[in-house]
Amino acid sequence: MSKRTTVVHRIWRILEAWRLGRMLMLAVITGSTAYGFGAALPQALRAAAIAALLALGGFYLDYLADWRKDCDSGKLLNPLATGELSIPVAWVFVAIGIGGSLALAFLASPLMALPVLGVVAIVGGLALGWLDTPVLRAFSLGAIQALYVLIGGLAAGKASLGVWLTALYLFFAMTGGKIMGDVRDLPHDTRAGTLTIPQKYGLRWASAFLLINELLAYGAALSVFFVGALGPGYFYCILATILFGMVINALFIRNPIPKIADVTNKLSFIGLGSLYVLGMILGRL
């Protein structure tokens, strides 16, 4: 393998470990939320940029907190665990991501800096172990996603009832969806000694936790339409989301093993995430 090929391979592995897809999805979700609730295109793009930078800083802060544990567990998507990235460089990414997102948010509106700081506080709390319990990790994931929605809503110049209901929608959706991620990562978490909801309470209780949160998410999502916050295009996308989500949940609950959880988690990420973005765009029309 040539030196140039090796460098390209290393860059690709770092980008892969950087969770580029998740970062882009967070940016698109935040930007589309802003657009759906009335932001002009420049404001929506700025909201997306804030989300992208915030996700960058948050992901690398998470890597810094978990790199030793990821080494021990064999979960080598962490570039610090593989040695492909140094700790000082990771701190540079954290500073660029968090500092850049705060600066852009504050320039847009001092109020918008509050949900950005909220995300930083939750990620920091997880990194320091303050929120490191099975249930709190699930609620933290949901709260982070809800705060991204608030960033989008504030970019549109308002934190209306529709924005808050949308934040609740994604809060419950992501909180319940954490169960699939926990089952997917079960072999790694077992080796690392990380206690998750399925491990502590069993798969039956974990499945019930997933379904309850998903039902609450669907109720909040439908409420956004019924309070008149978004139009019929959003409503039809939510109906498709509910149908697709029920199929995904059934596939997972029928056979809750890491391989199936990995598939259903990806289907949720790509399929349901895309329907959300489409619903926000069409809901404004």
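User: How much space lies in the second largest pocket?

Analyst: The model is predicted, so local features need pLDDT of at least 70, side-chain atom pairs count only at pLDDT 80 or more, and totals for chains, interfaces and linings use all residues. Residues are numbered from 1 along each chain as its sequence is written, and side-chain values use heavy atoms, with hydrogens and water left out. On a 1 Å grid over the protein atoms alone, a pocket is an open set of points where a 1.4 Å probe fits, with protein on both sides within 12 Å along at least five of seven lines; its volume is the space filled by probe spheres set on the points, which are joined across faces, edges and corners. For the second largest pocket, that space is about 150 Å³.

User: Which helix gives the most to the lining of the second largest pocket?

Analyst: Lining residues have an atom within 4 Å of a grid point. Helices here are DSSP runs (H or I, at least four residues), numbered from the N terminus. Three of them, α2 (20-36), α3 (41-73) and α13 (258-283), each supply at least two lining residues. The most, 5 residues, come from α2.

User: How do the residues of that lining divide into nonpolar, polar and charged?

Analyst: The lining includes Ala 27, Val 28, Tyr 35, Leu 41 and Ile 281. Ala, Val, Leu, Ile, Met, Phe, Trp, Tyr, Cys and Pro count as nonpolar, Asp, Glu, Lys and Arg as charged, and the others, Gly among them, as polar. Gly 31 and Ser 32 also line the pocket. The division is 9 nonpolar, 2 polar and no charged.

User: Is Thr 175 buried or exposed?

Analyst: Thr 175 sits in helix α8 (residues 161-184). Buried means under 20% relative accessible area, exposed over 50%, and partly exposed in between (1.4 Å probe, protein chains only). At a relative accessible area of 0%, Thr 175 is buried.

User: Which backbone oxygen lies 2.7 Å from a polar atom of the Thr 175 side chain?

Analyst: Contact means heavy atoms within 4.5 Å. Beyond neighbours within four places in sequence, Thr 175 is in contact with Ala 138, Phe 139, Gly 142, Phe 209 and Asn 213. The oxygen 2.7 Å from its side-chain polar atom belongs to Phe 171.

User: How many degrees lie between the planes of Phe 139 and Phe 171?

Analyst: Rings of Phe, Tyr and Trp (its six-membered ring) pair if their centres lie within 6.5 Å; planes under 30 degrees apart count as stacked, over 60 as edge-to-face and the rest as tilted. The structure holds 12 such pairs. Phe 139 and Phe 171 are stacked, 6.1 Å centre to centre, with 5 degrees between the planes.

User: How many residues apart are Phe 139 and Phe 171?

Analyst: Phe 139 is partly exposed at 31% relative accessibility, whereas Phe 171 is buried at 18%. Phe 139 lies in helix α7 (residues 134-155) and Phe 171 in helix α8, so the pair links distant parts of the chain, 32 residues apart.

User: What is the relative accessible area of Asp 182?

Analyst: Asp 182 also lies in helix α8. Leaving out residues up to four places away in sequence, Asp 182 touches Asp 189, Thr 196, Ile 197 and Pro 198. Asp 182 is buried, with a relative accessible area of 3%.

Conventions. A polar contact is a pair of N or O atoms within 3.5 Å; within protein, one must be able to donate a hydrogen and the other to accept it, and residues adjacent in sequence count only if both atoms are side-chain atoms.
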